[in-house]
Amino acid sequence: MDIRKIEYFLKVAETKNFNIAARELHISHQALSKQILTLEAEIGAKLLDRSTTKVIVTEIGKKVEELYRPLIREWEHANNQLRTFVDVRNNVLRIGYFNGNSYSRVLEPVLDYLLRQNPELKYSLLAADLEMLRSLMEQDAVDLAITNGIHRKEWVGVETIILRTDPLYIIVSDQHPWYEKDSVSVQDIMEADFLVYANGRPLEGKQAFYGELPVRSRQTAYNLDTYMGTLKRGKHFGIIGPSYSRREGNYRLIEIPDPYKKTHSIMAMFKPLHPQRKLLRTLENAELR
C-alpha cells in the first residue's frame, strides 16, 4: 500500500473537507478523490462517507486512522532525522518559516541579505505552521526560524531578532460590504462579525486584544486555510499583518480605527551556540524593516 495514499486519507479525515485537504496537499480535488477511491479499493472497504455538505469517517476509516497515524508520525520523524543528518554533514543552513507569511515580503529579503553576507551559503527551506516550527526548533530540525511573535515566550533557549514590525490591519474579501470602504469606524466594528485566527491555541499576549474588540459576534479559525476560506465568503472581517500571504482571491487591508490599533513583529530565532551564529546575528543590521 502506497504511504502517500494513507497520508492523503489522513488529511481528509483531519479536515473533513476535500477542498481544504487538496489545498494543503497541493493537489487537485479530482486527484485527491481518485487516490482515496484507489485506497478504498485496495483495502476493500469504504473509509469515508461523502455528501455535498460534509465528510464522515467510517468505522473502518477510524481504524485506519488509529493504526496508521502513529506510523506516519514515525515516518516523518525518521525523514526529519535523516534530513538533519545530511544537512549537518553538508553544512547546510536549515531555514524554517511560517507558511502564512508572504515569501516575497518576508523570506526573500532574509535570503538576499544572508547571501550578500556569505555568497557561498547553502541552505534548505521548510514551510510550517507556528506550532510545528517551534517543535522543529526544539528538535534541532531547523537552524533558523522566521516567524511571527505569537506565543514568543514558549520559544525557550533561542536568540531572537526582530526583523520588522508592522501595523495590524483589518482584512476583508471582495464579497464583504467593507471592501469598497476607505476606512471603518468603531461603530462599524460593533455591527460586524469578527473572525479570529488562533492557530489552534488560546489567545494570549498581543492576541488577547482580539477579545477586547466590541464586535457583534466572534468566530475562531484554527488554521490559515480555514481562516482565509471563511473570510473569502464575505460575512466576517479579520485582522492580519501585511506580511501574511493572502492566498487565492481578492482581499483588501483597511486601517484599524483608534483606540484598537496594534502592531506585530516578524522575528528570526536561532540557538545561541549555532555554528553560524555570527552570520545569523548580523540580521540585526539587515534593512528589512
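Student: Which residues of strand 8 are buried on one side, and which on the other?
Tutor: This is a predicted model, and in it both faces of strand 8 are covered. Asp193, Leu195 and Tyr197 are buried on one side, with Phe194 and Val196 buried on the other.

Student: How many of the five residues of strand 8 does that make?
Tutor: Five of the five are buried, so strand 8 is largely enclosed by the rest of the structure.

Student: What order do the strands of that sheet come in?
Tutor: The order is 9-8-10-7-11, five strands forming an open sheet with mixed pairing. Strand 9 (217-221) and strand 11 (251-255) are the edge strands, each pairing on one side only. From one strand to the next, the twist averages 35 degrees.

Student: What holds paired strands together in a sheet, in general?
Tutor: Strands of a sheet pair through backbone hydrogen bonds, and they do this either parallel or antiparallel.

Student: OK, back to strand 8. How many bridges join it to strand 9?
Tutor: Five bridges, and strands 8 and 9 run parallel. As one example, Val196 has Thr220 in strand 9 as its bridge partner.

Student: And in which sense does strand 8 pair with strand 10, parallel or antiparallel?
Tutor: Strand 8 (residues 193-197) and strand 10 (residues 236-240) pair in the parallel sense, over two bridges. In strand 10, His236 is the bridge partner of Asp193, and Phe237 is the bridge partner of Phe194.

Student: Which strands does helix 8 touch?
Tutor: Helix 8 (residues 224-232) packs on the sheet and touches strand 7 (169-173), strand 8, strand 9, strand 10 and strand 11. The direction of helix 8 makes about 135 degrees with that of strand 10.

Student: Which of its residues are buried, for helix 8?
Tutor: Leu224, Asp225, Tyr227, Met228, Thr230 and Leu231. The cover over these buried residues includes helix 2 as well as strands 7, 8, 9, 10 and 11. Just after helix 8 comes Gly234, with a positive phi of about 90 degrees.

Student: You mentioned helix 2. At what angle do helix 2 and helix 3 cross?
Tutor: The axes of helix 2 (residues 18-25) and helix 3 (residues 29-43) cross at roughly 100 degrees and come within 9 Å. That makes helix 2 roughly perpendicular to helix 3.

Student: Which residues meet there, between helix 2 and helix 3?
Tutor: From helix 2 there are Phe18, Asn19, Ala21, Ala22 and Leu25. From helix 3 there are His29, Leu32, Ser33 and Ile36.

Student: New topic: helix 6. Which residues are buried in helix 6?
Tutor: Helix 6 (residues 130-138) has Leu130, Leu133, Arg134, Leu136 and Met137 buried. Seen down the helix axis, the buried residues of helix 6 fall within an arc of 160 degrees, so they line one face of the helix.

Student: What caps the N-terminal end of helix 6?
Tutor: Asp129 does: a side-chain oxygen of Asp129 lies 2.7 Å from the backbone nitrogen of Met132. After helix 6 comes Asp140, whose phi is positive, near 60 degrees.

Student: What about His274, is it buried or exposed?
Tutor: His274 is buried, because its relative accessible area is 12% and the cut-off for buried is under 20%. His274 sits in the loop between strand 12 (263-270) and helix 9 (277-281).

Student: What does the side chain of His274 make a polar contact with?
Tutor: With the side chain of Asp143, at 3.1 Å. Leaving aside neighbours within four places in sequence, His274 is in contact with Leu93, Asp143 and Leu280.

Student: One more residue. Where does Asp188 lie?
Tutor: In helix 7 (residues 186-190). Setting aside neighbours within four places in sequence, Asp188 is in contact with Trp178, Lys181 and Ser183. Asp188 and Pro214 are 26 residues apart in sequence, and 9.9 Å apart in space from C-alpha to C-alpha.

Student: Last thing, the overall tally. How many helices and strands does the protein have?
Tutor: Nine helices and 12 strands. The protein has 289 residues, of which 46% count as buried. Among contacts with a separation of 6 or more, residues 24 or more positions apart account for 71%.

Methods
Residues are numbered from 1 along each chain as its sequence is written. This is a predicted model: local features need pLDDT of at least 70, side-chain atom pairs count only at pLDDT 80 or more; totals for chains, interfaces and linings use all residues. Side-chain values use heavy atoms; hydrogens and water are left out. Buried means under 20% relative accessible area, exposed over 50%, partly exposed in between (1.4 Å probe, protein chains only). Helices (H or I, at least four residues) and strands (E, at least two) are DSSP runs, numbered from the N terminus. The arc is that of the directions from the helix axis to the C-beta atoms. A polar contact is a pair of N or O atoms within 3.5 Å; within protein, one must be able to donate a hydrogen and the other to accept it, and residues adjacent in sequence count only if both atoms are side-chain atoms. Two strands pair if DSSP finds at least two bridges between them. Axes are lines fitted to C-alpha atoms, for helices over the stretch in contact, and angles run from 0 to 180 degrees between N-to-C directions. Contact means heavy atoms within 4.5 Å. Angles under 35 degrees count as roughly parallel, over 145 as roughly antiparallel, 65 to 115 as roughly perpendicular and the rest as oblique.
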